Amino acid sequence: MLEDLRALRERLCAELHAITSLRELEEFRLRHLVRRGTVGQLRERFRQLPAEQKPIVGRELHALEATIRQLYNELRQRLEAQAEEELTVDLSLPGRRAFLGGRHPIQQVLDEIVHIFTRMGFAVAEGPDIEDDEHNFTALNFPPEHPARDMQDTFFITPDRQILLRTHTSPVQIRLMRALKPPIRAIVPGRVYRNEEINPRSLAEFHQVEGLVVDRTTSFAELKGILIAFAQQLYGARTEYRFRPSFFPFTEPSAEMDIRCFLCHGAGCRVCKGNGWLEICGCGMVHPAVLRNGGVDPETYIGFAFGMGIERIVMLRLGLDDIRLLYQNELRLLRQFR
Ligand code: DAH
C-alpha cells in the first residue's frame, strides 16, 4: 500500500499542476477529495489494514492528504484571485453617454425667429420648393430680362424655364394673397436654391424667412418697428441698427436693414468686411403691381414685406467661418450646439 500511496501522490500532484481553471479544479475535488473519491477510498482500505501496518501507512496517508489539500487550497486561491481580476470593473470610469440627437443649429435659429414673429401676431405659412416662373419672378414684378432669371442664378427644371427651384421665399407672397383675404400677417420659413458656386460663403441651397403684411392701414413705420423689435429680440436689446435705401422689383420703396457688427462693434473686422455693419434683411412696401398680381386691390390695401437669410445668422452666432460646416452632418459640430 505504501507503494500505491507514493504513486498516487505523484499522479495527483501532476494532475493539479495541469489545472488552469476553477471548473477543472472542482472536477479534481469531486474526483479525489470527497468521501467517495480517491482519498476516501484510501481511508477505507487503511481501516482494513492489519494493526501493525497502521502507524506507518497512517503517517504516509496523512502526509499525502495534507500535501494534496494544501496544493489544492493554494491553487484554488490563485485561480479565484485571477477570476476576480478578470471580472473587475472600474466603477470610477466615466460612462459612455448615448447621444440622443438634437435640433440642427439652422432649425434652432428658424424656431427662434418663428417664435419671435408669432408673438407679434404673425401666422406661419409654407410654399412649395418647386415653383413656376409666374410665382417666382413674373408676379413679383421681375422684368423679363431681369438678371435674377439668368441661368447663373436659377435651377430650371424644365427646358422652357417655366418650372424651377424657387430662388427665394417671396413667391409665397403671391400664393398667400391669392389664397387669403386681407388682413394678412404671415411669415414663411423655407428652403431656397441658387445656382451658385459652392464656397465658404455660399451654397446652392439655403434657408430664408419671408414676411408679409397686407392690411387697409399699415406703413413703412410699422415695418421698421417690427424689424427693430425682431432684431432686438434675436440679437440683443441694445443692438444698433440702420436702414439703407435699396432696390427690389417687388417692393417700392425698398430698404435693407443692417445691424452693428457684434464681433467688432463697428471698428471693422473680417466678418463685416471692414465696414462695421452686417446686412440682415431686405424689406419694403409691397409694390402695387405685386398686390394686383396677388388679386389684392392696391387702392384699398397696402402691404409691406421682408426677407432674410438664415445661414448667415447661424454662422455669426456659432462663430463659423465656413457655411459648408452646417451641411456636413459633422457630429462633433452638431453636439456642441444642441
Ligand atoms: N427675396 C429677396 C432675396 O431673396 C429678399 C427680400 C427683399 C424679400 C425684400 C422681401 C423684401 O420680401 O421685401 O434676396
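The legends below describe close-up views of a predicted model.

View 1. A nitrogen atom of the ligand lies 2.9 Å from an N or O atom in the side chain of Ser170, while an oxygen atom of the ligand is 3.1 Å from a polar side-chain atom of Gln173. The backbone also takes part, with a polar backbone atom of Phe306 placed 3.3 Å from an oxygen atom of the ligand. The ligand taken alone would expose 350 Å², and the protein buries 88% of that area.

View 2. Seven strands, in the order S1-S4-S5-S9-S8-S7-S6, form an open sheet whose pairing is mixed. Its edge strands are strand S1 (123-124) and strand S6 (241-248), each of which pairs on one side only. Strands of a sheet pair through backbone hydrogen bonds, either parallel or antiparallel.

**View 3. Strand S1 beside strand S4, and the helix on the sheet.** S1 pairs with strand S4 (residues 184-193) in the parallel sense over 2 bridges, and Val124 has Ile187 in S4 as its bridge partner. Helix H7 (residues 171-179) packs on the sheet, where the helix touches S4, S5, S8 and S9, and the direction of H7 makes about 35 degrees with that of S5.

Conventions:
Residues numbered from 1 in each chain as written. Predicted model: local features only at pLDDT ≥ 70, side-chain atom pairs only at ≥ 80, totals over all residues. Heavy atoms only, no water. Polar contact = N/O pair within 3.5 Å; in protein donor to acceptor, adjacent residues only side chain to side chain. Areas by Shrake-Rupley, 256 points an atom, 1.4 Å probe, with all protein chains shown as cover. Pairing = 2+ DSSP bridges. Helix = DSSP H or I, 4+ residues; strand = E, 2+ residues; numbered from the N terminus. Contact = heavy atoms within 4.5 Å. Axes fitted to C-alpha atoms, helices over the stretch in contact; angles between N-to-C directions.
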